[in-house]
Amino acid sequence: MSATTHGSTPYYFVPGPSRHPIMAAIGLFFVILGAGQWINGHDWGKWSLAFGLLFWWVVLYQWFRDAVAESEGGLYGRKIDLSYRWSMSWFIFSEVMFFGAFFTALWWMRAHSVPTLGSLDNALLWPDFKAVWPSMAAGVTGSPANIVEPFQAMTPFWLPTINTALLLTSGVTLTIAHHALQHGERAKTILWMWATVVLGIVFLFVQGYEYVHAYRDLNLKLNSGPYGSTFFMLTGFHGFHVLVGMLMLLFITLRLMKGHFTKERHFGFEGAAWYWHFVDVVWLGLYVLVYWL
């Protein structure tokens, strides 16, 4: 497994051949195939999607189980720890660029596209067009050609503000849990981790209720012009990342309850914490740029 061994821990652990990557790729193939066919009117696509997701989750469970066994078996030394830290750092960087693209699209539409449509160059094409953001009615920003139904914009009060408080509080509870783990206080760590997981779940339920309110009361939908598309793309993808982060914290909490991690070695905990704090920061930017400005 490694060329050099220090004690019982390899200098750099190299796993043997694994079936997990190809099996995960097969699961994702059925996910993409099913999703593509379903949205194009083929009813069997939903069954392919469901099968692919179930298959993929089973593979991930087995893959993570093997990785945990390797870690708890003492096969991961300092080099593997460093490798994981760099991997998580680059992953979060890729997520920064992902959300940066959507924030840039929002800025471009507000600062360039909409003003350009309202300029003199387009006055003959849409003489009644008003270059304001966001659109409140058909014929304004959302629909120069009157093809988008009138809608209302989402305000920061009160659901988004409640969710902001929930995420900020979860960042505090997670930090308390981290300090407790560093001091070897496992019971305290588990308590505050469960509090963080619950706050994440509550956030998701509040966002779900916000979407119901948007569709039912504000008539705000994904096809409600550039405002509706950017609103749901940004908040929807962020909500998905909250779900992923919450699941990561849940699995870390369950591992803590099994006795995994020590105050000296707990990067699995730290990696999940990095991700959760990243999700918090993205939400703060989203809260200001989408709900307030």
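**Briefing: salt bridges, helices and surface of a predicted model**

Asp217 and Arg216 form a salt bridge (a side-chain nitrogen of Lys or Arg within 4 Å of a carboxyl oxygen of Asp or Glu), with their closest N and O atoms 3.6 Å apart. The model is predicted, so local features need pLDDT of at least 70 and side-chain atom pairs count only at pLDDT 80 or more, while totals for chains, interfaces and linings use all residues. Residues are numbered from 1 along each chain as its sequence is written, and side-chain values use heavy atoms, with hydrogens and water left out.

**Salt bridges**

- Asp217 is partly exposed, with a relative accessible area of 41%, and Arg216 is exposed at 56%; the classes are buried under 20%, exposed over 50% and partly exposed in between, with a 1.4 Å probe and protein chains only.
- The whole structure holds seven salt bridges.
- In the pair of Asp66 and Arg65, the closest N and O atoms are 3.7 Å apart.
- Asp66 counts as partly exposed at 27% relative accessibility, and Arg65 is also partly exposed, at 43%.
- Glu149 and Lys221 meet through their side chains in a salt bridge of 4.0 Å, N to O.
- Glu149 is partly exposed at 48% relative accessibility, and Lys221 is partly exposed at 26%.

**Overall architecture**

- The protein has seven helices and two strands; these are DSSP runs numbered from the N terminus, with helices being H or I of at least four residues and strands being E of at least two.
- From the N terminus on, the order of elements is β-β-α-α-α-α-α-α-α.
- Along the principal axes, the C-alpha atoms fill a box of roughly 80 × 45 × 35 Å.
- Of the 293 residues, 37% count as buried.
- Among contacts (heavy atoms within 4.5 Å) between residues at least 6 apart in sequence, 67% join residues at least 24 apart.

**Helix H7**

- Helix H7 (residues 267-292) has 26 residues and should span 38 Å at 1.5 Å a residue; its end C-alpha atoms are 36 Å apart, which agrees.
- The expected span is 1.5 Å times one less than the number of residues.
- H7 bends by about 25° at Leu286, the bend being the angle between axes fitted to the seven residues ending there and the seven starting there.

**Gly171 in helix H4**

- Gly171 is found in helix H4 (residues 159-182) and counts as buried at 9% relative accessibility.
- Leaving aside neighbours within four places in sequence, Gly171 is in contact with Trp276, His277 and Asp280.
- The C-alpha atoms of Gly171 and Gly208 are separated by 21 Å, the two residues being 37 apart along the chain.

**Surface**

- The accessible surface of the protein is about 16,500 Å², with 71% belonging to carbon and sulfur atoms; areas come from the Shrake-Rupley method with a 1.4 Å probe, and for residues only the protein chains shown count as cover.
- Phe157, Trp158, Ile162, Val288, Leu289, Trp292 and Leu293 form a nonpolar surface patch with about 720 Å² of accessible area together.
- Patches consist of residues with over 30% relative accessible area and no salt bridge, with like charges joined within 9 Å and nonpolar side chains (Val, Leu, Ile, Met, Phe, Trp, Tyr) within 5 Å.
- H7 gives the most to this nonpolar patch, with three residues.
- Ile162 is placed in helix H4 and is partly exposed at 40% relative accessibility.
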